[in-house]
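Visitor: I'd like to understand how the labels on a structure follow from the numbers behind them. Could you walk me through this one?

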Protein chains: 4
Amino acid sequence: MAKDKVLAYPIIAVNDANTKHLFDNRYGTGQSTVDGILRATNILISGLNFVVVGYGWCGRGLAIRAKGAGAKVIVCEVDPLRALEAVMDGYQVMSLKEAAKIGDVFVTVTGDKNVITKSHFQKMKDGAIVANSGHFNVEIDIPSLEALSQKKRKIKEFVEEYTLDDGRKIFLLGEGRLINLAAAEGHPAVVMDMSFANQAMSVLFLLDKGKKLEKQVYPVPKEIDDEIARMKLKTMGISIDKLTAEQRKYLAGWEEGT
Amino acid sequence: MAKDKVLAYPIIAVNDANTKHLFDNRYGTGQSTVDGILRATNILISGLNFVVVGYGWCGRGLAIRAKGAGAKVIVCEVDPLRALEAVMDGYQVMSLKEAAKIGDVFVTVTGDKNVITKSHFQKMKDGAIVANSGHFNVEIDIPSLEALSQKKRKIKEFVEEYTLDDGRKIFLLGEGRLINLAAAEGHPAVVMDMSFANQAMSVLFLLDKGKKLEKQVYPVPKEIDDEIARMKLKTMGISIDKLTAEQRKYLAGWEEGT
Amino acid sequence: MAKDKVLAYPIIAVNDANTKHLFDNRYGTGQSTVDGILRATNILISGLNFVVVGYGWCGRGLAIRAKGAGAKVIVCEVDPLRALEAVMDGYQVMSLKEAAKIGDVFVTVTGDKNVITKSHFQKMKDGAIVANSGHFNVEIDIPSLEALSQKKRKIKEFVEEYTLDDGRKIFLLGEGRLINLAAAEGHPAVVMDMSFANQAMSVLFLLDKGKKLEKQVYPVPKEIDDEIARMKLKTMGISIDKLTAEQRKYLAGWEEGT
Amino acid sequence: MAKDKVLAYPIIAVNDANTKHLFDNRYGTGQSTVDGILRATNILISGLNFVVVGYGWCGRGLAIRAKGAGAKVIVCEVDPLRALEAVMDGYQVMSLKEAAKIGDVFVTVTGDKNVITKSHFQKMKDGAIVANSGHFNVEIDIPSLEALSQKKRKIKEFVEEYTLDDGRKIFLLGEGRLINLAAAEGHPAVVMDMSFANQAMSVLFLLDKGKKLEKQVYPVPKEIDDEIARMKLKTMGISIDKLTAEQRKYLAGWEEGT
């Protein structure tokens, strides 16, 4: 909207604050997505082929938690850099076409639409579980799944069983809506606190400086971001070091060293 | 009871079967205990000091899952060998007396009684969470906690807040009963299947051979244990190798080699 | 030999002591095998398909270290129980026949012979690395590899390049001998100390009690094992709890509780 | 230098390319630093208190590898955001002053000077090991260590033993120079390949476009970065998905959705 010059007032992109996306999206989504899947299904994660579609912050958080729960994690990602990071982080990386054949659980965290679609459903194993923890319920192409199925029934809260024409069953969780919100309680308060602090402190900032800002999208000021992290550490009883004046100078300089 | 010669009939110790205790106790308890704590509290596990009291199979399963969820895991164990394994497995190991001061969450998985007791509650931080995933609700010395408290109230299903005389609050989950059964759904079906298979196949074995057995405790026969593991792998679509005759002979012999 | 009654004197199976095989075989072999491979090849472990053949203590130690170094670990194991544990521990488990096609590095830790053999070499990718960290240089069927190759040359200390008839290259490390001894320095002193303590204290035990023992294989007495663990913890500055008299009684009894 | 307008020609900051710093600094430094320490000392990493000073890319890589090797990792970091990430990643985070008392191994990866200094040496345990894997040999304040010591001797290649006035011994590795270069072979070729590709392709870019650039520091163009990642995946035999036109449009738009 900024590009199209249709913003009516200055905006602070709170979601891009480090104390927001590095924590809420990663640690919050990671834990709460696994939590949502467990509450919906009570499966044992250990030993499963757990397919994470998308390796942004949410995907990274989810992948590490699924691995930590004993799964064999498979990552699908369209960006070559992120895909390579996933490889180096120890995950199996492959196209979704390949993953569709072996996955036990699939979770979309891409922010895009029609990510798991007809051709993937056609390849899935009997009993595959499909969920979304990205933006909306458009990541999974549910109309295609409906079209492929001869029967659909709710077998448990948040679990819909689709019986395909060849008899295979696919389980869709929470109607494709965010599974951590649908079946669990969303992010824990202790990670949302930082997100809310960003919102609150950004509003204060706008109140103070907003008049001088243009109708653009601004990042959360680094001082706010740092201050939130500092307060959070303090509440956890953790103290860290400070740079000495000499160290600060050394870091800034290029004359000493090399 | 066998020692005291008061057994009325032969017993098969199904809990000692490898396909039972190596799986149900370890992977089942590990996952479902974290699950129970999350359903009761919705805390973020990442970054917490998570104290696992007892490093048997349940404790190992719990420790690895808590670590996998991002916690800093502390293990307390009375057996020196197990304590040393916990150290080598990368956990902080200390006496419960020391751990009491820094833990955010405490879970007992010892099979013993009065494990967390008065002197520990006295040292805990404000906000500490205490739960049990061992045998019974005797692992946590609840009467001591009651005696130390000026007030007690249920703040949420499965969460009781005890306010100590000095104002600190300690949260007891599920009244000290097994938290994975109290607040979650117990072990996933896919791990209990092996435990039930052990029970079923052991009953068949007793039916067949029971007449010839003494009034003692017998282990689950190895063939049954192996057969269950083999069937389980098959249902997961996993195939493994078999020893060749030559390899079998080599393993049994002492003449070749060295 | 005990079975064949050809033992000339009583034996204590030091290798079976917990403070030996749980530590030396697992943590020692795990670290030193990866170390040996790195010193020989200087490859980056992250992102590789690392095939561990055998899931005994050595195999477990190696698998966890390779995973910890960022590899995608594949476990091959003939025992169904162990294979199932490997699955639940989050590893890919498959037959060596399948693994042969995708592995980047293969390490045998089985204690058996001809584990990696002709049919496996025929399937391997160009550039595959093969090493042994089990008992002897019989785990890898080197004569078969020689027979399949048109050329062989040493490209670096501990690294032999075999060029197969179709041009693929396979790298054999340390001539198939224990790679942690061949290319690295074997187990660290701090884990061997416990193994040596077992040997020393078992010799003292034999000196004291040997006259009364039969020509059989005896385990290391539990008191020795425990004492070694206790001393080791002490040198690490770690203190653990002791059972109270009440707790000891509770554990031994069957009357209280359920 | 750009700020001071003293650059003589346009510069491309190759070290900031994603395919450089995300891989070489993280995965390369992580593995090779542990490798260097092992070659110098042959200690067992499992169970040690391993202090990583600095949680940039090098520090992250080192922390995850040390954890993967079984260590209890402690992170020291001056930036509150990074410190908080380290906490959430499951590490113990504390000031170096506190860590100095309990660490078994200390590694600096800060890019700054005098990070481990007099007051820290004074608190260290007998037998502590100190190494650097950051920029230069200025991260460890060696003159202070010298001044505190009554004796110094080389006990092994790359290992210098300093005996302090109170008899405690501190071991300095590789004279404080980069331990992965001093005692091991630096980064594996398979991660340096991407760094070199960045250099080569950036030089080609400068040749082509350099005339039109100002005397500033430029980032590596994203197309170059992506292309290198794509080639790397290809050499690993890994194929990934591509966005459909519909998906590309959805990601770019703000009209559909929410």
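Guide: Gladly. K72(D), M88(D) and Q92(D) supply 42% of the area that chain D buries against chain B, more than any other three residues. Please keep in mind that this is a predicted model.

Visitor: How many residues does that contact take from chain D and from chain B?

Guide: The contact takes 13 residues from chain D and 13 residues from chain B. Between these chains the count of salt bridges is zero, while two residue pairs are in polar contact. On the side of chain D that touches chain B, the residues divide into five nonpolar, five polar and three charged.

Visitor: And what is the area that chain C and chain B bury between them?

Guide: About 5000 Å², with 62% of it on carbon and sulfur atoms. L81(C), M88(C) and D241(C) supply 13% of the area that chain C buries against chain B, more than any other three residues. In terms of contact, 58 residues of chain C touch 59 residues of chain B.

Visitor: How many salt bridges does the rule find across the interface of chain C and chain B?

Guide: The rule finds four salt bridges there.

Visitor: What makes the meeting of K113(B) and E246(C) a salt bridge?

Guide: The distance from N to O between their side chains is 3.9 Å. The cut-off for a side-chain nitrogen of Lys or Arg and a carboxyl oxygen of Asp or Glu is 4 Å. K113(B) and E246(C) therefore meet in a salt bridge, as 3.9 Å is within 4 Å.

Visitor: How many residue pairs are in polar contact between chain C and chain B?

Guide: The count is 18 residue pairs. The elements of chain C that each supply at least two residues of the side touching chain B are α1 (18-41), α3 (80-88), α4 (96-102), α9 (222-235) and α10 (245-252). By kind, the residues on that side of chain C divide into 29 nonpolar, nine polar and 20 charged.

Visitor: Why is R26(B) called buried?

Guide: Its relative accessible area is 11%, and buried means under 20%. R26(B) therefore counts as buried. The place of R26(B) is in helix α1 (residues 18-41) of chain B. Leaving aside neighbours within four places in sequence, R26(B) is in contact with H21(B), W57(B), G61(B), E85(C) and D89(C).

Visitor: How do you know that the side chains of R26(B) and Y27(B) make a polar contact?

Guide: The distance between the two side chains is 3.4 Å, and the cut-off for a pair of N or O atoms is 3.5 Å. Residues adjacent in sequence count only if both atoms are side-chain atoms. The contact of R26(B) with Y27(B) is from side chain to side chain, so it qualifies.

Visitor: Why is F158(B) called partly exposed?

Guide: F158(B) has a relative accessible area of 24%. Buried would need a value under 20%, and exposed one over 50%. The value for F158(B) lies in between, so partly exposed is the label. F158(B) sits in the loop between β7 (149-156) and β8 (159-164) of chain B, and has a positive phi of about 75° although it is not a glycine.

Visitor: And what makes N114(C) partly exposed?

Guide: N114(C) has 24% relative accessibility, a value between the 20% and 50% cut-offs, so N114(C) counts as partly exposed. Its phi is near 50°, a positive value in a residue other than glycine. The loop that holds N114(C) runs between β5 (105-108) and α5 (118-123) of chain C.

Visitor: What makes helix α3 of chain D mostly covered?

Guide: Eight of its nine residues are buried, among them P80(D), L81(D) and M88(D). At the start of α3(D), a side-chain oxygen of D79(D) reaches to within 3.0 Å of the backbone nitrogen of L81(D). G90(D), whose phi is positive, near 95°, follows the helix.

Terms used: Residues numbered from 1 in each chain as written. Chains lettered and ligands numbered in written order. Predicted model: local features only at pLDDT ≥ 70, side-chain atom pairs only at ≥ 80, totals over all residues. Heavy atoms only, no water. Contact = heavy atoms within 4.5 Å. Buried area = accessible area lost by both parts, 1.4 Å probe. Polar contact = N/O pair within 3.5 Å; in protein donor to acceptor, adjacent residues only side chain to side chain. Helix = DSSP H or I, 4+ residues; strand = E, 2+ residues; numbered from the N terminus. Nonpolar A, V, L, I, M, F, W, Y, C, P; charged D, E, K, R; others polar. Buried < 20%, exposed > 50% of the residue type's maximum accessible area, 1.4 Å probe, protein only.
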